[in-house]
Amino acid sequence: MLLINFEKRASVVYKVPKGLMKLMLFLFPNMRSSFFLSFIFIFLPCILLSQNLDSLVVEAKKIKDDSAKIRRYNKLAFSYIFNDTEKAKELIIEARELAKKSKFDFGFTELTNTYGIYYDVTGKTDSAKYYFEKALKLSRDYNFKNIESMCINNLGMFNWNNGNYNEALTYFFDSLKMYEAQDNEKATAGSLNNIGLIYQEMNLNEKALENHYKSLELRKKYDLIEEQVSSYNNIGVNLKELGRIDEAIKEYKTGIELAKTTNNQLDLYRLLDNLGNAYNLNENYDLAIETYEEILNELAYQNLDEKSRLGLYGNMASTYNSIGQPDKAMVYLKKGFELVKKYPEIESKSAELNIHAAETNYMLGNFEKAREQVNTFIELRDTQFSEQNAQSIADLEVKYDTEKKEKEILVQRAELAEQKLTIQQKNYQLYGLIGLTLVLGLIGFLFYNQQKLKNQQLKKENELKDALIKIETQNRLQEQRLRISRDLHDNIGAQLTFIISSIDNLKYGFKIEDEKLTTKLEKISEFASSTIYELRDTIWAMNKNEITIEDLKTRISNYIEKADLSDDNISFSFDIDASINQNRRLSSVEGMNIYRIIQEAIHNSLKHANAKVITVNISEVENRRLKIEIKDDGQGFDQSKTEKGNGLTNMKKRAQNIAAEVSLVSSLERGTKIILKV
């Protein structure tokens, strides 16, 4: 995970909220509670500022000099962009008209750049790009070097936010060349910093370090203290990514001391969080705990939102687990779950807390509780994935749909204009042939017809707005799902692998004669391995917008093959009816739940049935419904005398999630059959 810093925003004029979640992830590589801290420090100044903006607008309207009024409007519009976008748009339009009327080219060019920022903030990327490029052309035509520099940096940021790293690099290099041509060495520090951050994004850490070191030297030369703090943090992150943990720790410490001298709380918390994570990687667990406690103490001292402590509690618990002190880990886990209970809205962010709790309970021997918390972890992640996948799909469609509907509206308006002109021409001809009474009647008809057309147009525009709102909501959900998928793959998978490796090192590095301890370690290792497979299955489903029958067949075959290897006394049979179209598509949610139900049914047969044969059959029944049967020839059970366990309950819950039916047929000595209809 890479790091981006807030000081960059000053260098490039602005940072759009569209990339705000991305900014949060970059600020703190392990995310956790850092998101809440960052959220507080980004928006608190904006909230306080908005209270004074309205009064400043009133004062600006009184300015008689047009040039001064336009410049003031531009500054106020920029402030409103992050508080009240509609008000910002009104000010920009009004100021642009005034600048055009008074032929104030500098103000018009500056406002065009601000208009691009407005569209980028509101998520209209095509319009944002258009106005940024237009402002850049105007600034070059009129030789406005300051505005040209802002436009270049804004286009660099725009391309960065949209994942166009090569284009972003080009603009930032252009900015660097411009400052060098102006002999503005101080300003080149910001461009070098931004170039380093793009290289971080591209995982070119050596190149990133080269530019960050150059930027730091310039910031030292010109005594830019706060910017130096960010440079130390960026350098530390790249060193950590390169595995040079000790060097990273040294840079973090230097940055922390500097941040304390400037009372820069945001950078201080960020550096402390990164330092604690570095200590963890270096297995300096005592120092990691000490660092996390320092952050918690600072948060309490500053009296900030206590919800921001959730991730830190997870960090503390994980660290205590690493040093074999699950009792202390449980103290922080309880605090974390109390926060979730107190603030239900943060439950979706507590998935990581549940996996730490599962580890702690396994260490304490509470296996049922641990298994329950792992299930909760998976459910929270699955829920987030489902919501975010919809948003990712909408991201791809919204641009096309919006442009298409806008064109349709323009065509309709043109047709309406032509109809209006035709009616008017006919009326003019009739005026010469009929009397005053018919003229009045025609005017009434024309008014009625225009009103009818207007109502139709308004209805279509409202339908378009509703559709866009729905698509935008889906977009935000999908983006979150994709980011959590990457976080699962990069962080949780690595952590589980580390757990397995650590357990194996314990078994082979020490002579453990206690068979009970050896057995428990093996169970934990097996559990962690199983969890990795579960994660891989979940990420497999998430990475596909749709899952074909062929994909599902392959996944089930792989699972059955592993199950077959685990027990030589059981034979497996898997068959898909030839009439089923192998390219038939299911949603990722449907495919994942079908796979999980089959997996759970086979697992139950292996564990409880004492079966010799287990068969899985997929066929197609009425109305093209899929019918999946999982059958064994085991000992069976009397359903009226057996309490239903978590397995069947989970299967029914998953079936409900995809509007499917699941049933169980079993009797003593006749085996068990699970039937799923989708």
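Predicted model: local features only at pLDDT ≥ 70, side-chain atom pairs only at ≥ 80, totals over all residues.

Let me start with glutamate 629 and lysine 627, whose side chains meet in a salt bridge at 3.2 Å, N to O, where a salt bridge is a side-chain nitrogen of Lys or Arg within 4 Å of a carboxyl oxygen of Asp or Glu. Residues are numbered from 1 along each chain as its sequence is written, and side-chain values use heavy atoms, with hydrogens and water left out.

Searching the whole structure gives 17 salt bridges.

Another of them joins glutamate 379 to lysine 653, with the closest N and O atoms 3.8 Å apart. Why does this pair tie together separate parts of the sequence? Glutamate 379 lies in helix 19, residues 367-431, and lysine 653 in helix 24, residues 646-657, so the bridge ties together parts that are 274 residues apart in sequence. Helices here are DSSP runs of H or I with at least four residues, numbered from the N terminus. Glutamate 379 is partly exposed at 37%, and lysine 653 is partly exposed at 43%.

A local example is the salt bridge between glutamate 210 and lysine 214, at 3.6 Å from N to O; these two are 4 residues apart in helix 11, which means that about one helical turn separates them. Both ends are partly exposed, glutamate 210 at 45% and lysine 214 at 43%. There is also a network of salt bridges linking Arg140, Lys145 and Glu148.

Turning to the aromatic rings, the whole structure contains 16 aromatic pairs, counted when the ring centres of Phe, Tyr or Trp (its six-membered ring) lie within 6.5 Å, with planes under 30 degrees apart called stacked, over 60 edge-to-face and the rest tilted. The rings of tyrosine 118 and tyrosine 119 have centres 5.0 Å apart and planes at 65°, so they are edge-to-face. Tyrosine 118 is buried at 2%, and tyrosine 119 is buried at 11%.

Phenylalanine 132 and phenylalanine 158 are also edge-to-face, because their planes stand at 70°, with the centres 6.3 Å apart. The former lies in helix 7 (residues 125-141) and the latter in helix 8 (residues 145-161), so this pair ties together parts 26 residues apart in sequence. Phenylalanine 132 is buried at 0%, as is phenylalanine 158 at 6%.

Which residues touch the most other members of the largest nonpolar core? Among its 41 residues, they are Tyr252 and Met316, a core being a set of buried Ala, Val, Leu, Ile, Met, Phe, Trp, Tyr and Cys residues joined through side-chain atoms within 4.5 Å. Helix 13 gives the most to this core, with 7 residues. Apart from this core lies another, of 36 residues, among them Val57, Phe104, Phe132 and Ala135.

How values were computed
Buried < 20%, exposed > 50% of the residue type's maximum accessible area, 1.4 Å probe, protein only.
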